[in-house]
Amino acid sequence: MTVPRKALICPDTTPYYHCVSRCVRRAFLCGRDERTGQSFEHRRQWIEDRLLTLAEVFALDVCGYAVMSNHYHVVLHIDRQRAAGWDLRELTERWHQLCKGSALSQRFVRGEALDSAELARLAEVAETWRSRLADVSWFMRMLNESIAREANREDQCTGRFWEGRFKSQALLDERALAACLAYVDLNPIRAQMAETPEESAHTSVKRRIAAAKQGEQPQSLFPFSGNPREPMSAGIPLRLEDYLALVDWTGRALREDKRGTISDRLPPILERLQIDPRSWLYLSRNFESRFRSLVGSAQSLRTACEQLGKRWAQGVRECERFFSPLPTS
């Protein structure tokens, strides 16, 4: 049975979500169609540009992304506090970057005088826009619709370009977030599209590495905030250098000629996250297929189920196996 999106995405449970959209009808985002020989490589840039542009409009942050041949991954962070701080003008102007709005809103942004009744009516409608601008489903809708229109125009056809629904996974804790980010960033290496993270075109890790070489973090991506005391802070709760070292180590271990081997020099972040190295490598290959809509430690899942009014969650045994803290000696 299809689960309503509101039962899968709840900012009160976690602000972090992994989303995946896939193409249909032999559609491609990038690469070459073996049947026709046509290249669609340029479409990877379409989606990367649109993804980062929408993040500037929505109250959502892009934590990670990877654009593949017939699908893409994105990890999003919901910032409801940012959306709550927008006044009527900023809210209306942001919505107009996505849609035409109404005749009333168009008059408002042009600076025409509105009476009290008109302002009240506009303010009421704008609250709906505020909710949408902090909504993962609306973000994905605006992203996918624009890419579908452009691709259909280029292909000179009509019809569905994407699968009906995007897949979403709620990342309930730090372990799940770290594992998902690494899984997303390492997609091109697993697919043998790149040999190293810094060569992985159209990925967040490539963008982060390029900025790190200048001693910076990219403004277009949600920053790493270190190891704060709060479990889910304003910023990815990991140190950037630890994460990049972890991705580099994992990418080397995932190479076909290195399968099953583990270096003696393990990234210290694995110890802090209390994840067994072999379990980590398994997660780096199978995160999307192994887990359902809720991902985290068994305790995180139980808490989320209580908040969402669910009696149980699929995959709780797998989450307990891979994300529960290692026993202390």
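**Helix packing and aromatic contacts in the predicted model**

The cover over the buried residues of helix α6 includes the strands β1 (16-22), β2 (60-67) and β3 (71-78), together with the helices α1 (43-57), α3 and α5. The model is a predicted one. Helix α6 itself runs over residues 136-155 and has 20 residues. From its first C-alpha to its last it reaches 28 Å, close to the 28 Å expected at 1.5 Å a residue. The buried residues of α6 are Val 136, Trp 138, Phe 139, Met 140, Met 142, Leu 143, Asn 144, Ser 146, Ile 147, Ala 148, Ala 151 and Asn 152. Trp 138 is also part of a charge-ring arrangement, with Arg 141 over its face at 4.3 Å from the ring centre. The loop between α6 and β4 (167-171) contains Gln 156. Gln 156 has a positive phi, near 55 degrees, although it is a residue other than glycine. Most residues other than glycine have a negative phi. Gln 156 is exposed, with a relative accessible area of 74%.

A positive phi is also found at His 202, where the value is near 60 degrees. His 202 belongs to the loop between α8 (187-190) and α9 (204-212). In contrast to the exposed Gln 156, His 202 counts as buried, at 14% relative accessibility.

The structure holds 13 aromatic pairs. One of them is stacked and consists of Trp 95 and Trp 129, with 5.7 Å centre to centre and 10 degrees between the planes. Trp 95 lies in helix α3 (residues 88-96) and Trp 129 in helix α5 (residues 116-132), so this pair ties together parts that are 34 residues apart in sequence. Both partners are buried: the relative accessible area is 3% for Trp 95 and 5% for Trp 129. Phe 161 and Trp 162 form an edge-to-face pair, at 5.1 Å centre to centre and 85 degrees between the planes. Phe 161 and Trp 162 are both buried. Elsewhere, ring pairs join Tyr 183, Tyr 282, Phe 287, Phe 291, Phe 322 and Phe 323 into a cluster. The ring of Phe 108 has the charged end of Arg 89 over it, 4.6 Å from the ring centre.

In soluble globular proteins, nonpolar side chains tend to be buried together. The largest nonpolar core here has 98 residues, of which Phe 58, Val 136, Trp 280 and Phe 323 touch the most other members. Of these four residues, Val 136 is among the buried residues of α6, and Phe 323 is a member of the aromatic cluster. For Trp 280, neighbours within four places in sequence left aside, the contacts are Ala 178, Ala 179, Ala 182, Leu 246, Trp 249, Thr 250, Leu 270 and Ile 275.

Helix α13 (residues 298-308) has Ala 298, Ser 300, Leu 301, Ala 304 and Cys 305 as its buried residues. These residues cover an arc of only 155 degrees around the axis, which puts them on the same side of α13. The face turned away from this buried side carries the exposed residues Gln 299 and Glu 306. Strand β5 (294-295) and helix α14 (316-323) are included in what covers the buried residues of α13. Gly 309 follows α13 and has a positive phi, near 70 degrees.

Note on methods. Residues are numbered from 1 along each chain as its sequence is written. This is a predicted model: local features need pLDDT of at least 70, side-chain atom pairs count only at pLDDT 80 or more; totals for chains, interfaces and linings use all residues. Side-chain values use heavy atoms; hydrogens and water are left out. Rings of Phe, Tyr and Trp (its six-membered ring) pair if their centres lie within 6.5 Å; planes under 30 degrees apart count as stacked, over 60 as edge-to-face and the rest as tilted. Helices (H or I, at least four residues) and strands (E, at least two) are DSSP runs, numbered from the N terminus. Buried means under 20% relative accessible area, exposed over 50%, partly exposed in between (1.4 Å probe, protein chains only). A charge sits over a ring if NZ of Lys or CZ of Arg is within 6 Å of the ring centre and within 35 degrees of the ring normal. A nonpolar core is a set of buried Ala, Val, Leu, Ile, Met, Phe, Trp, Tyr and Cys residues joined through side-chain atoms within 4.5 Å. Contact means heavy atoms within 4.5 Å. The arc is that of the directions from the helix axis to the C-beta atoms. The expected span of a helix is 1.5 Å times one less than its number of residues.
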